[in-house]
Amino acid sequence: MPQGSKGTFSITTPIYYVNAAPHLGTAYSTIAADTIARYERLNGYDVALVTGLDEHGEKVADTAEEKGMSPQKWCDSMVPAFKDTWDLLDVDYTDFVRTTEPRQARTVRKFWNDLYEKGYLYKSSYEGWYCVHEETYYAESDLEKDENGTYVCPECHRPVERMAGEQNWFFKLSEFQDKLLKYYDEHPDFIRPRTRRNEVISFVKGGLKDLSISRSTFDLGIPYPFDKGHVAYVWADALLAYFTGLGYADPDRKGEFERRWPAQFHIVGKDIVRFHCVIWPAMLMAAGYPIPNAVFGHGFLLTKGEKMSKSRGNSVMPADLVKVFGVDGYRYYFMRDIQFGHDGSISMERMVQVYNSDLANTWGNLVSRVFNMTGKYFDGKVPQAPASAAENPLSSIAAKLYKTYDDCMQELDFTGAADAVMELAGATNHYVEDSAPWALAKDPAKADELASVIYNALEACRIIAMYLWPYCPNTSSDVWKRLGLSDLNKLTDIEGQSAWGLLPAGNPVQNGDALFPRLDLDKIDLHLE
Ligand code: MSP
């Protein structure tokens with residue numbers, strides 16, 4: 001099945017603020033998006049994965065000033081930190097959009113100019129409050145007070161700025177209240193998981209105010225074509241990076257946007273669900289574009305009950321963990337152990353436990369035993385198994401795997417999909433244990449039985465590696481190579497490749513280093529708190 005034969009599949013991560021280097025929280029959204037993107041590639045889709053950086057707004061301007069750099073220099077200096085981290089974590093994105101790029105300015109100008117011409121924008125003066133850290137406007141009734149009676153942001157609890165008398169351009173968001181509610185009703189899977197959907201619906205039912213989409217008191221942003229003294233509000237800019245990354249109005253990528261939009265999934269943290277489920281669909285409705293299939297709001301990573309973030313000073317960098325667990329161990333832990341959609345407390349104890357039990361003891365150990373025995377009993381070649389070998393307890397588990405795994409992936413239930421694969425790995429270990437090939441090898445009359453057991457165990461390894469590839473791309477590719485198979489990167493038919501018995505007899509089988517050497521918690525000198 002050629003790449004993309006099932007059609008296009010577009011997925012996005014948030015466009016991260018450049019005010020801090022990528023940390024475990026931002027890596028979490030990115031790895032989740034990459035895991036689903038890798039799966040859908042294996043599944044035959046022509047996948048686009050868009051990520052990037054949010055380089056405008058007051059927060060970036062303030063940080064650049066603190067660093068004594070021009071905003072552009074500051075942003076440029078941060079780009080390698082993001083790209084290097086995504087490379088380190090094997091994130092295979094197809095576009096990396098920086099909102100300071102000329103192509104993003106083209107998108108923003110074209111999109112908002114269209115809404116201006118359609119009559120969805122008007123100019124008025126704004127009275128209210130603004131939180132620079134959240135880049136969000138708040139009504140006084142939304143705010144909290146600190147112990148000194150100062151108004152603070154209800155999200156991050158930092159002091160808010162009073163804005164009074166500033167002339168702004170407004171988007172008529174309030175006109176979309178009923179249309180949005182109708183849309184949520186007719187598309188129950190648009191906002192996921194369900195708990196987030198209920199929050200958004202009650203927020204919209206509470207009444208929508210028109211949204212200020214411009215700022216005239218500072219200039220770090222994209223000037224609007226219809227009023228050059230006003231730059232786009234950072235969210236009126238950032239959301240459109242998804243369009244830019246899929247080729248919107250790009251003369252060098254003609255026809256691509258039309259093929260790739262609407263996106264299948266926007267992966268976002270729960271803190272930015274409202275922007276994606278209220279403002280964004282209203283913008284799209286106004287402009288006449290289809291709404292993305294789904295916005296998935298994942299939970300926060302917590303240590304000792306607190307959200308991990310660079311500013312709270314409790315974040316270990318992804319590279320630190322990769323040194324201990326390897327890239328695949330890192331990716332597997334976050335995708336497998338924290339139910340996507342829920343908050344998840346992370347700890348070194350738990351990371352080591354999951355790594356040792358699933359990756360070292362179950363999967364790595366299986367490969368090492370079976371590949372070793374192939375070397376010992378069959379001269380390092382896949383044995384020719386008799387026809388009767390096809391009847392075995394593993395093939396029936398493998399036959400159900402695609403459906404279970406695919407159902408989970410459609411729900412972004414990475415835990416459920418990983419469990420389904422580990423069920424086959426666990427069953428294969430038991431099968432090897434129960435069949436005792438070391439005993440069969442001693443009896444020449446049992447040669448066929450031995451060939452069947454080793455063939456079936458190798459075949460299970462082929463299938464397990466394929467299904468683990470979205471989580472563990474390096475070790476899975478390695479296992480396929482060691483089985484004398486083609487590059488997993490190029491596979492586009494995971495369903496067809498799940499059929500039992502496709503591993504060719506005679507293929508060379510190489511026994512290599514342990515895929516996941518066991519870890520000892522006491523010897524790890526790294527703390528997450
Ligand atoms: N720039 C905006 C997004 C614009 S998208 C058009 C933004 N950037 S951010 O860098 O602050 O955050 C990006 C994402 O990282 C958010 O989805 C946020 O939820 C996620 N995380 C930041 N800390 C996190 C954790 N501790 N745990 C999980 N994810 C968290 O918002």
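Axes here are lines fitted to C-alpha atoms, for helices over the stretch in contact, and angles run from 0 to 180 degrees between N-to-C directions. With that settled, here are some notes on this predicted model, in which local features need pLDDT of at least 70, side-chain atom pairs count only at pLDDT 80 or more, and totals for chains, interfaces and linings use all residues. Residues are numbered from 1 along each chain as its sequence is written, and side-chain values use heavy atoms, with hydrogens and water left out.

1. Let us start with a helix pair. Helix H13 (residues 393-410) packs with helix H14 (residues 414-435) at about 170°, and their axes are 8 Å apart; helices (H or I, at least four residues) and strands (E, at least two) are DSSP runs, numbered from the N terminus. H13 is therefore roughly antiparallel to H14, a term for angles over 145 degrees.

2. Which residues make the contact between H13 and H14? On H13 they include Leu394, Ile397, Leu401 and Tyr405, and on H14 they include Phe414, Val421, Leu424 and Tyr431, where contact means heavy atoms within 4.5 Å. By class, this contact has 15 nonpolar, 3 polar and 1 charged residues. Ala, Val, Leu, Ile, Met, Phe, Trp, Tyr, Cys and Pro count as nonpolar, Asp, Glu, Lys and Arg as charged, and the others, Gly among them, as polar.

3. Now to the ligand. It is surrounded by 23 residues, and the closest are Ile15, Asp54, Gly269, Asp271 and Met308; a residue is near if one of its heavy atoms lies within 4 Å. The shell divides into 13 nonpolar, 7 polar and 3 charged residues. Strand E1 (8-17) gives the most, with 4 residues, while helix H1 (24-42), helix H7 (234-238) and strand E14 (265-269) each supply at least two.

4. The polar contacts (pairs of N or O atoms within 3.5 Å) deserve a look. A side-chain N or O atom of Asp271 is 2.6 Å from a ligand oxygen atom. A polar side-chain atom of Asp54 lies 2.8 Å from a ligand nitrogen atom, and a backbone N or O atom of Gly25 lies 3.4 Å from a nitrogen atom of the ligand. The protein covers 93% of the 670 Å² of accessible area that the ligand has on its own, by the Shrake-Rupley method with a 1.4 Å probe.

5. Finally, some backbone details to check. Most residues other than glycine have a negative phi, and most peptide bonds are trans. The bond from Arg192 to Pro193 is cis, with omega near -15°, and Pro193 sits in the loop between strand E9 (191-192) and helix H6 (194-205). Trp261 and Pro262 are also joined by a cis peptide bond, with omega about 5°. His157 has a positive phi, near 65°.

Note on methods: A polar contact is a pair of N or O atoms within 3.5 Å; within protein, one must be able to donate a hydrogen and the other to accept it, and residues adjacent in sequence count only if both atoms are side-chain atoms. Angles under 35 degrees count as roughly parallel, over 145 as roughly antiparallel, 65 to 115 as roughly perpendicular and the rest as oblique.
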